[in-house]
Amino acid sequence: MPDKIRLILMSCCAPCSCGAIKQLHDGEIPCIDDFIVMFFNPNIYPDSEYQKRLNEQIKYCEKLGVKYVIGDYDHNAWRAHVAGLENEPERGPRCSKCFAYRFCYAREYAKQHGFNAIASVFGVSRHKDQTQVDAAACAVCDDIQYLAIDWDEKLRQQINRESEFYRQNYCGCEFSIRK
Ligand code: SF4
């Protein structure tokens, strides 16, 4: 474990990340010296949906005065990465590739910008499998440490009750839109 942890928190949306951001902001997670929120979600479809989630993320970060970075949005590149897995169910192999794609981006960003650890909120939704998220992260995080933090779910729910976040009803890609 390095002396100082500079963390990238990967977020998919404000409703999932609000509790984690608040905990980090309040210094509730020991040993984290500095953190930034990363919104890198080229999986989200369509563009209008991406923009809504991004706007909510920015609003929440700015409300708390938390630093954030917005990754590139290239949905076609993401589609190419998961080609052949379009019909797989949520929690299946397409999702593992989707998580890995986003973690790889964060890993490279970390190396270029002096961060040494990555965590995410990709597993907090009840539709997600935390074990799958952790496995995807561990497979790609080499000298950048992956921290599998167990976020405070009660706090997340409380902030959601008190906030008026835009809330989507599907994970993000076109294949996860519930009919
Ligand atoms: S369902 Fe969600 S995690 Fe799975 S591939 Fe689609 S956007 Fe990615």
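Visitor: At what angle do α1 and α6 pack?
Guide: This is a predicted model: local features need pLDDT of at least 70, side-chain atom pairs count only at pLDDT 80 or more, and totals for chains, interfaces and linings use all residues. Residues are numbered from 1 along each chain as its sequence is written. Helices (DSSP runs of H or I, at least four residues) and strands (runs of E, at least two) are numbered from the N terminus. The axes of α1 and α6 are 8 Å apart, and the angle (0 to 180 degrees between N-to-C directions of lines fitted to C-alpha atoms, for helices over the stretch in contact) is about 115°.

Visitor: Which residues of α6 make that contact?
Guide: Contact here means C-beta atoms, placed from the backbone, within 7 Å. From α1 come P15, C18, G19, K22 and Q23. Their partners in α6 are L155, R156, I159 and N160.

Visitor: How many residues of the α1–α6 contact are charged?
Guide: Charged means Asp, Glu, Lys and Arg; nonpolar means Ala, Val, Leu, Ile, Met, Phe, Trp, Tyr, Cys and Pro; the others, Gly among them, are polar. The α1–α6 contact has four nonpolar and three polar residues. Its charged residues number two.

Visitor: Are α1 and α2 roughly parallel or roughly antiparallel?
Guide: Their axes lie 10 Å apart, at an angle of about 20°. Under 35 degrees counts as roughly parallel, over 145 as roughly antiparallel, 65 to 115 as roughly perpendicular, and the rest as oblique. The pair α1 and α2 is therefore roughly parallel.

Visitor: Which residues of α2 make the contact with α1?
Guide: α1 brings A14, C18, I21, K22 and H25. α2 answers with E56, Q57, Y60, C61 and L64.

Visitor: How is α4 oriented to α5?
Guide: α4 covers residues 93–113 and α5 covers 130–140. Their axes are 8 Å apart, and the angle is about 45°. That angle makes α4, relative to α5, oblique.

Visitor: How many nonpolar residues are in the contact of α4 with α5?
Guide: C95, S96, F99, A100, F103, C104 and R107 of α4 meet Q132, V133, A136, A137, A139 and V140 of α5. Two of these residues are polar and one is charged. The nonpolar ones number 10.

Visitor: Is I118 buried or exposed?
Guide: I118 lies in strand β4. Among its contacts beyond four places in sequence are I8, F103 and A137. Buried needs 20 or more other C-beta atoms within 10 Å, exposed 12 or fewer, with partly exposed in between. I118 has 23 such neighbours, so I118 counts as buried.

Visitor: Which residues does L147 touch, not counting those up to four places away in sequence?
Guide: L147 sits in the loop between β5 and α6. Its 17 C-beta neighbours inside 10 Å make it partly exposed. The C-alpha atoms of L147 and L7 are 8.9 Å apart, across 140 residues of chain. L147 touches L7, A117 and A119.

Note on methods
Two residues are in contact if their C-beta atoms, placed from the backbone, lie within 7 Å.
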